[in-house]
Amino acid sequence: MKPGPWTCRRRAPLKRSRILHMALMGASDPSGEAEASKEKPFLLRALQITLVVSLYWVTSISMVFLNKYLLDSPSLQLDTPIFVTFYQCLVTTLLCKSLSILAACCPGAMDFPTLRLDLRVTRSVLPLSVVFIGMITFNNLCLKYVGVAFYNVGRSLTTVFNVLLSYLLLKQTTSFYALLTCGIIIGGFWLGVDQEGAEGTLSWTGTLFGVLASLCVSLNAIYTKKVLPAVDGSIWRLTFYNNVNACVLFLPLFLLLGELQTLRDFSQLGSAHFWGMMTLGGLFGFAIGYVTGLQIKFTSPLTHNVSGTTKACAQTVLAVLYYEETKSFLWWTSNMMVLGGSSAYTWVRGWEMKKIQEEPSPKEDEKSSMGV
């Protein structure tokens, strides 16, 4: 039977503008969604969601505190942020390859894609890898120069860059309410910078790295959507190629910035504790990608954003308690503005997308009026 025009349209490849829109706005492609499965019992589903969200929180918060220890601990005194980031990418690469080999040896035990290094795919993924390197490097540099408590404020402008890039790349306008939430985020960011300066703990270098990290996170979402077809839509293949490229590109940076000599002079280079912590950091870096996808799978992208915002709030409180810091009322206000603005943006975008889905298209209205 010859497929109809509607079937052809559904199977047509996505246009670049559509891909960019999906990446910037966090929307999913409705044509790629699987059919809904039978509903699970409420208690079972609630338990699964609780476990998955808890796993995401524990992994994410632990990774931030561990990276802070590796990057800026007085007990380590290791000033090699590029090497720390390189090693984490190396651990992720080796884990991906090991799981691929294990899945091939025991096909019934686990499901993991076969990973073989293809230079053509490597070149296709390279633009994303450059952005990926910027994202993880600037993230770690921001964490090195600012405290964990200020870390979320320092890199809070991702939402603002999403809106800005959606206009510059797609000419996509943003609603007044969404812009208002962005204004709250920017206001919270500047208030936080002001309060850090008033307390004498402000690092302009760390703040700049936080802004650059926010920009790279936004760009990473765009390039991920564009590059996924090159790896057959597999996130694990993309993770593998991304980290392979990152390991290669980090090596000249590692040498040019003189970190090799710093590493040679490091007193704990032969310490099992040091390498154990470094490897644990790599394991958390690998795990965060998995648990993020797991949380989105068991909840939704919007719920994931809300969970991430709430996690950031808990992380800030834990950091203040752990490091025994005393913060002013205005400092806490800046954090609440950033977290509240981010949550409000998530709610506004979800409400707008739901409204668009519920409103009939002009063509459907025309057909209805004609009695078709």
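Here is a short chat about a predicted model and the terms used for some of its residues.

Student: Why is the contact between Lys 327 and Glu 196 called a salt bridge?

Tutor: The closest N and O atoms of Lys 327 and Glu 196 are 3.6 Å apart, and the cut-off is within 4 Å, so the pair counts.

Student: How do you know that the pair links distant parts of the chain?

Tutor: Lys 327 sits in the loop between α13 and α14, Glu 196 sits in helix α8, and the two are 131 residues apart.

Student: Are Lys 327 and Glu 196 buried or exposed, and what makes them so?

Tutor: Buried means under 20% relative accessible area. Lys 327 has 17%, so Lys 327 is buried; Glu 196 has 4%, so Glu 196 is buried too.

Student: Why are Glu 352 and Arg 349 separated by about one helical turn?

Tutor: Because they are three residues apart in helix α14. An α-helix has 3.6 residues a turn.

Student: How do you know that the span of helix α9 agrees with what it should be?

Tutor: At 1.5 Å a residue, the 24 residues of α9 should span 34 Å, and the end C-alpha atoms are 34 Å apart.

How values were computed: Residues numbered from 1 in each chain as written. Predicted model: local features only at pLDDT ≥ 70, side-chain atom pairs only at ≥ 80, totals over all residues. Heavy atoms only, no water. Helix = DSSP H or I, 4+ residues; strand = E, 2+ residues; numbered from the N terminus. Expected span 1.5 Å × (residues − 1). Salt bridge = Lys/Arg side-chain N within 4 Å of Asp/Glu carboxyl O. Buried < 20%, exposed > 50% of the residue type's maximum accessible area, 1.4 Å probe, protein only.
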